[in-house]
Amino acid sequence: MPNPRVIYWFRTDLRLHDSPALKAALDLNPECLYPIWTWDPHYVYRARVGPNRWQYLLDCQSDLSKSITKLNPQSKLFLIREAPQTLFPKLFKQWKITHLVFEKDTDAYGRERDQKVMALAAEAGVEVVVRYGRTLYDPDELVKQNHGKPTMSLNQVQAAGKKIGEIPRPIAAPTSLPDPGDTSLDFEQEVPESKPDINAIQREGEEESYAKLAGPNGDFAIPTMEELGLKPATTQHRGGETIALKMLDEIIANEDYTATFEKPKTAPTAFEPQATTLLSPHMHFGSLSCREFYWRCQDVVDKYKGHASQPPTSLTGQLLFRDMYFGAQASLGFAFGQTYGNSHCRFIPWHIPSKIDTSSGLITGEYLVDNAQAEIYFQRWREGRTGFPWIDALMRQLKYEGWIHHLGRHAVACFLTRGGCYVDWERGAEVFEEWLIDHEAACNIGNWQWLSCTAFYTQFYRCYSPIAFPQKWDKEGNFVRKFVPELEKYSQKYIYEPWKAPIADQKKWGCIIKGDGSSTLIDGKKAYPKPMFDFPTQREICIEGMRNAYHIGLYGNDSKVLDGTWRKLFSNDAEGPTEGSKGPPGAMVEHEDADGQEENDVHEPPGPKTSRRGEADNKRITGNETEIKYHKREASQRTLDGMVTRKKKRNNSDIADHT
């Protein structure tokens, strides 16, 4: 029997240290080993990825390729520009492959892709070897030991983990690698369909990564940002196993920090340096093993003479939370990433809901604008021009650096959903997917459900104030001055509420508080926007909306949600797209238009006793709760682009009826 000829397929494990799958490949004693990466068009065109995360990926790939070459000058990371589903059958034949080895992936798309590839391997007579290594525990095993249910709490993870056994110790990196075999590619490339390209907005040039199968020079090179047509990255954070291990060494060397770390006590306003480890993007790309991180930390804690922190707030606790989200996703699949059809996600009729493909039951990546004002709120939040300096500073840091502190993520997520705008959490998750360098689908989705109180967490009445909360951490407002430089000269007294500063002081400090932020200059003067609403009033609107939805008590897989008849249970005046007694599935709106007209007017913020939709004019007592009903906001003609549709107007003011 000939010695194995092995493809090692790198994906979310861009490292040599502690790779159970790579060890399994080497244990086959192969006569040749091909370390490859397939340039999957799903991520190039269909998943939201901004320039910062692309740069981080290319950093990780380049570093790994250099490390492979150090172990074997004949080898490298062979990057092949074709989808794995079409490429592998040709590679198996061309290179006479006997084994395909890779690290397990339980992401919804990853699982579907891998099942297809394994079926193709079986047809070709290629043996597939899969090992988990992306998480502390195998997510499928966590679900199995959690009575076949998604892991929705840390206690469930810890209880299931005890049944599985101790987290394995990390494996040493290999000291040598076999030669690859012949690398000729005597077959035609199947170029993927590029449209729809959800990342077109990130490009300033032509996307040419599929011009040639083995790259422009036929040497399997890592693509460049220019080949992808992408705008330059703006983040200072860089990827790669070499950097990751150095960062980990520096953290572990500080025994007090490692042993006593408590995440809720770290400052969200800290920068240069930040208050947390910033290792999360390395774990996403696999340039750092989570088991390496876990055991390096745990060994310090075990030897520490003082009082060490414990899960859930400790460093190891953060890794357990990560496993919790992976377990939930592994169980629920694609449904985990949305409300519709999700058995564990509360149904809230948020504004600007997702469009749903009723044939598949999945969200489409598009959304519908049921309320023009909510759409304006969402765009101002996304662009960091809400008029609340703390929120704007965080959103600008997110876009520029690709990272913000976890408490900052909590603050902006609460503000967009249950604590301010009452906008669907799926909109916020999509923005994070685009901008975060550490975007992990399971964790991003789970955290947005947590902060919107649709899953994992239920205390919807506990909201982050955009004024009081940052003052606890940074009274001087240095974080705001860094990321909202218009306010750099404002006094400490007004740094979080600049609209309260006297006009004379605003002029003296070189920035007037006026407009909606769409223009940085007004009347020849530097401008920062007024707040887009009165926060205490808006918070109460959101809390009442949440209380009402909790009282009704629907989940995403309820038949009334699936067929749209949930509307019968909500007052027409309830917050969200609730009018009528029936309508499309989920929270979708019935009518769409494509008139293309745009109106960018933003109303002045209401007074302290007036909501953005008028005063509460109707109160109804239900048990011990008071349900406050509000008038609907007026519609406008604002639309975004081809990814966005909205409801038609009726009589120039009323939102279209669903009946």
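Modeller: Helices here are DSSP runs of H or I with at least four residues, strands are runs of E with at least two, and both are numbered from the N terminus. By that rule the protein chain has 22 helices and 15 strands. This is a predicted model, so local features need pLDDT of at least 70 and side-chain atom pairs count only at pLDDT 80 or more, while totals for chains, interfaces and linings use all residues. Residues are numbered from 1 along each chain as its sequence is written, and side-chain values use heavy atoms, with hydrogens and water left out.

Biologist: Good to know. How do I read burial, and what percentage of the 659 residues of the protein chain count as buried?

Modeller: A residue is buried under 20% relative accessible area, exposed over 50% and partly exposed in between, using a 1.4 Å probe and protein chains only. Here 58% of the 659 residues of the protein chain count as buried. As for the accessible surface, the Shrake-Rupley method with a 1.4 Å probe is used, and for residues only the protein chains shown count as cover. The protein chain comes to about 27,000 Å², with 49% of that belonging to carbon and sulfur atoms.

Biologist: And what share of the contacts with a separation of 6 or more comes from residues 24 or more positions apart?

Modeller: A contact means heavy atoms within 4.5 Å. Among contacts with a separation of 6 or more in the protein chain, residues 24 or more positions apart account for 74%.

Biologist: Now strands, please. How many bridges join β6 to β7?

Modeller: Two strands pair if DSSP finds at least two bridges between them. Strand β6 (residues 354-357) and strand β7 (residues 362-369) are joined by 3 bridges and run antiparallel. I356 has I363 as its bridge partner in β7. The hairpin of β6 and β7 has 4 residues between the strands, and G361 takes a positive phi near 75° there.

Biologist: Which residues have a positive phi without being a glycine?

Modeller: Most residues other than glycine have a negative phi, and most peptide bonds are trans. D18 has a positive phi of about 40° although it is not a glycine. D18 lies in the loop between β1 (5-9) and α1 (20-27), and D18 is buried, at 0% relative accessible area. D523 also is not a glycine, and has a positive phi of about 55°. D523 sits in the loop between β9 (521-522) and β10 (525-528). With a relative accessible area of 60%, D523 is exposed.

Biologist: You mentioned peptide bonds. Where is P273, whose peptide bond from E272 is cis?

Modeller: P273 lies in the loop between α9 (255-260) and α10 (280-285), and omega for the bond from E272 to P273 is near 5°. The bond from P311 to P312 is cis as well, with omega near 15°. P312 belongs to the loop between α11 (290-303) and α12 (315-332).

Biologist: On to cysteines. How many disulfides does a search of the whole structure find?

Modeller: A disulfide is a pair of cysteine sulfur atoms within 2.5 Å. The search of the whole structure finds 0 disulfides.

Biologist: Last topic, aromatics. How many aromatic pairs does the structure hold?

Modeller: Rings of Phe, Tyr and Trp (its six-membered ring) pair if their centres lie within 6.5 Å; planes under 30 degrees apart count as stacked, over 60 as edge-to-face and the rest as tilted. The structure holds 40 aromatic pairs. In one of them, the ring centres of F460 and Y550 are 4.8 Å apart and the planes are at 55°, so the pair is tilted. F460 lies in the loop between α17 (441-451) and α18 (468-473) and Y550 in helix α21 (residues 535-552), so the pair ties together parts that are 90 residues apart in sequence. Both F460 and Y550 are buried.

Biologist: Which residues form one aromatic cluster?

Modeller: One aromatic cluster is formed by F271, W390, Y464, F469, W473, F479 and F483.
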